[in-house]
Structures are given as C-alpha cells and as structure tokens.
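Subject: Structure handover

Hello,

Here is the structure for your files. My notes on it follow below.

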Amino acid sequence: MRYLTFFLLLSCTMVVAQKKSLKAIDDFITLPGIESHIRFLSADEMRGRNTGSPELDIAANYLMTQFMSAGVTPGDGHSYFQAVSLMRLPVPGKVELTLEVDGASGSMAGVLIEGHSAQLTKPVVYAGYGTAADFDKVDVNGKIVVCLFGSQGSTKINEGILRTAPAKRLLASERGAQALVEIMALPGVPWGALQNYFSKSRVTLQEEESGIPHILIQNSEADPLKSL
C-alpha cells in the first residue's frame, strides 16, 4: 500500500509540473508577441532583407537580442552568428556562341553561369551529361566541352544549378577544358526566367571557382545541336 501511495503521489506531482510548464509556455508565447516579431521583420522598411543588405543585418541583430532576452545560449558559446563567406557576382555581359559541328554551323545566345570574359575559337567535344565517366570517354584538353544540363533522369532544375553544374565545371577545368557549355534540355523550364536570373547581379557562396567560362544555352533545333 505504501508503494501504491508513493506512485500516486509521484504521478500527481508530475501532472502538476507538466501543467506548470505548459502554462509557462502559454505565458511566454503569445499571439501579440508573435505578431509583433512578424510585423517588424516583414515591414516594408526592411526591403525584403536582401542578402548582403543593411536590412538583413538589422534583422539578424533583432533575432540575436530576442535570443538573449529569452536566455538562449550562443551555439559556440561566444556568438549567435555563423560566418558564411559570400561573393557578389557582377552583371554578365552579352554571351554569343557559334558552334560548328560536322560542317553544320549556327549561332545562339546563352547566359553566363560562372567564369570570366573570354573570346574563344576552339574545337568542340560532346560529353553526355558531364559526369566523370563521360569525361573519361573524351579528350577535353584545350577544347570547349558541350554537355546536357543536370543529370540523367533528374528533372530538378535547382539540383542542376546548385550541385551538378559546379561539379561539371570543376571536372572540365581539371582536365584542361577552355570552356563548358550546358544545353538546357529539361522539359517545361521557362527559359525567359532563367535568362532573367542569370542576367543580373546576384550573391552566391564563395567557392574556389575554376575561372573557365560556363555557359547555359537553350535547347533548339539548330543544326549543330542536332548533330551533337
């Protein structure tokens, strides 16, 4: 009986403690409090908190002070911020590409993904999807490499831009290629939106870049592309 009484007393104590915790959470997190944070961070004066803008710093400092007032400990014991190296890419100039394959020649416009300005007249080689296995099949040294955008079987444009494109560029550079051209052959991709995105200044993670021109062109019925 004493064990049963102790168990019942312990259960009652746990229930009371849980109710106190829930009440403390309800007292701390309130609808007006949440609304005040949202209104401040989403105000027109914050201008969208663009990456690299003073408004983003204001938002970050605001969040830091809220963490401090709530008693949150900094992640590394010293700072609430994590350093991330970023770089601003300038607006690229006009990109013109003329391909001649098996006697078929055609000019096409493209967008510059990465790399520096260059005026090249070099042999062209086709390298499938630009994987390491594809590069093993062709000699790209001193040439312009043309491949399909993304990876085989994938329809995710973000994956193609953020993951596979940098890997292809690094492979091409390591093997002595002078430039990399990717053909945007994914179905349903709005080419106009891509042109708009890559044709303006943007902020990206600072990485070791190969420096070779990396161009994206639209898939078409142009004779050189059909020959490839």
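Val145 touches Val125, Ala127, Phe135, Val140, Ala177, Ala179, Leu180 and Val181, leaving aside residues up to four places away in sequence; contact means heavy atoms within 4.5 Å. This is a predicted model, in which local features need pLDDT of at least 70, side-chain atom pairs count only at pLDDT 80 or more, and totals for chains, interfaces and linings use all residues. Residues are numbered from 1 along each chain as its sequence is written, and side-chain values use heavy atoms, with hydrogens and water left out.

Val145 is buried, at a relative accessible area of 0% (buried is under 20%, exposed over 50%, partly exposed in between, with a 1.4 Å probe and protein chains only). Its place is in strand β5, residues 144-148; helices (H or I, at least four residues) and strands (E, at least two) are DSSP runs, numbered from the N terminus.

The open sheet has six strands in the order β2-β3-β8-β6-β5-β4, with mixed pairing; two strands pair if DSSP finds at least two bridges between them. Strands β2 (96-101) and β4 (124-126) are at the edges with a single partner strand each, so one side of each has no neighbour in the sheet.

Strands β3 (residues 104-114) and β8 (residues 214-218) pair in the antiparallel sense over four bridges. In this pairing, Glu114 stands opposite His214 in β8.

Regards
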